[in-house]
Amino acid sequence: MQSRYSRQVILQNIGKEGQEKLLNSSVAIVGCGALGTVAANNLARAGVGKILIIDRDFVELNNLQRQMLFDENDVGAPKAVAAAEKIASINSDIEVHPIIKDINYTNIEEILDGVDLVIDGTDNIQTRMLINDVCVKNRIPWIYTGAIGTSGMSMNILPDKACIRCLYPGIPKAGSLPTCDTMGVLNTITVIMGSIETTEAIKILLGFYDDIESTNSNLLVYDTWNHSFDSIIVKKNEKCECCAKQNYEFIDSDEQEIITSLCGRNAIQITPADPMELSLKSIGEKLEKLGTVKCSDFIMLFKNDETEISLFRDGRAIIKGTDDEMVARTIYARYIGT
């Protein structure tokens with residue numbers, strides 16, 4: 001430990017005792033894109049002892065502009081697995097667990113059970129609201145962070161302090177918020193916001209979240225192009241549905257099959273009500289006569305003139321080429337089954 005973390009241990013803010021705390025800590029990173037890869041890289045190098053990397057997607061060529069752990073050899077691989085492999089080569093002394101799942105109301109509490117902190121690397125407000133419900137309910141600190149264009153924002157969500165629903169009481173209507181696909185994103189802002197997020201994570205893991213001077217629930221907003229930085233006080237809303245009334249409506253969903261439109265990609269994700277372990281190889285063999293198939297242990301890619309499907313072992317599928325839920329359901333039933 002002395003050699004690997006020597007430059008960190010001599011910091012007055014951390015020291016040997018603080019480094020031991022980091023090594024005994026566990027963090028879940030939900031989403032391993034631009035923010036998630038920065039967070040995973042930083043936390044692994046800092047010596048956080050256990051890191052869960054949770055992501056539903058696979059690496060695409062356009063990710064390489066900003067998702068710092070990946071390279072061209074990773075294209076087509078599940079992001080969680082590719083990131084975990086890179087982290088293992090950076091720091092073999094820590095535990096890294098890739099989880100290739102769509103985090104949703106059916107599995108989120110089980111996945112996040114026992115972690116000390118949750119890092120936000122997601123790309124949609126619905127998942128953030130779900131994380132907020134679970135973390136507030138179970139008193140787990142989490143850090144909300146987002147970046148788009150040349151600006152980003154971050155906010156610590158701490159027990160008994162303001163939560164994300166104090167900031168956003170309701171979910172914005174679909175299509176009302178810009179996405180990276182429609183507005184673009186500068187890769188420096190994701191590195192900066194990911195670094196701010198992980199600095200706050202280290203402070204929280206070291207136990208500084210009761211120190212208002214160093215760790216608070218302010219909303220930090222930064223624009224790297226204009227060099228503007230603002231810190232906005234967010235007060236706890238005593239009428240908040242989540243942290244005040246303990247109404248965890250995003251966990252207590254009565255939905256069955258989960259249909260998700262993917263962040264401006266002209267694609268629909270379908271998550272079955274009862275996830276099951278599929279034989280991707282067997283399904284791929286059946287589909288070979290209908291189009292081209294590429295299959296690995298984690299994902300099967302199928303493509304023909306009608307559609308493109310990415311199928312995961314738990315039955316979850318991404319249907320490309322449509323933003324119509326009914327069309328996506330029909331394609332799923334036709335090629336994968338009900």
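## Arg165 and its surroundings

Modeller: In this predicted model, the backbone oxygen of Pro169 sits 3.0 Å from a polar atom of the Arg165 side chain.

Biologist: What makes the link between the side chains of Arg165 and Glu249 a polar contact?

Modeller: The distance there is 2.8 Å, and the cut-off for a pair of N or O atoms is 3.5 Å, with one able to donate a hydrogen and the other to accept it. So the pair qualifies as a polar contact.

Biologist: Okay, and why is Arg165 called buried?

Modeller: Its relative accessible area is 8%, and buried means under 20%, so Arg165 is buried. Arg165 lies in helix H7, residues 164–167. Leaving aside neighbours within four places in sequence, Arg165 is in contact with several residues, including Met129, Asn132, Cys240 and Phe250.

Biologist: Let's move to H9. How do you know that the span of helix H9 agrees with its 19 residues?

Modeller: At 1.5 Å a residue, residues 187–205 should span 27 Å, and the end C-alpha atoms are 27 Å apart, so the two agree. Just after H9, Gly207 takes a positive phi of about 95 degrees.

Biologist: What makes E7 and E8 a strand pair?

Modeller: Five bridges join E7 to E8, residues 228–232, and at least two are needed, so they pair. The two run antiparallel, with Asp223 opposite Ser228 in E8. Four residues lie between the strands of that hairpin, where His227 takes a positive phi near 55 degrees.

Biologist: And why is strand E7 called mostly covered?

Modeller: Four of the five residues in E7, residues 219–223, are buried. Five bridges also join E7 to the antiparallel strand E6, where Ser154 stands opposite Leu220.

Technical notes
Residues are numbered from 1 along each chain as its sequence is written. This is a predicted model: local features need pLDDT of at least 70, side-chain atom pairs count only at pLDDT 80 or more; totals for chains, interfaces and linings use all residues. Side-chain values use heavy atoms; hydrogens and water are left out. Buried means under 20% relative accessible area, exposed over 50%, partly exposed in between (1.4 Å probe, protein chains only). The expected span of a helix is 1.5 Å times one less than its number of residues. Contact means heavy atoms within 4.5 Å.
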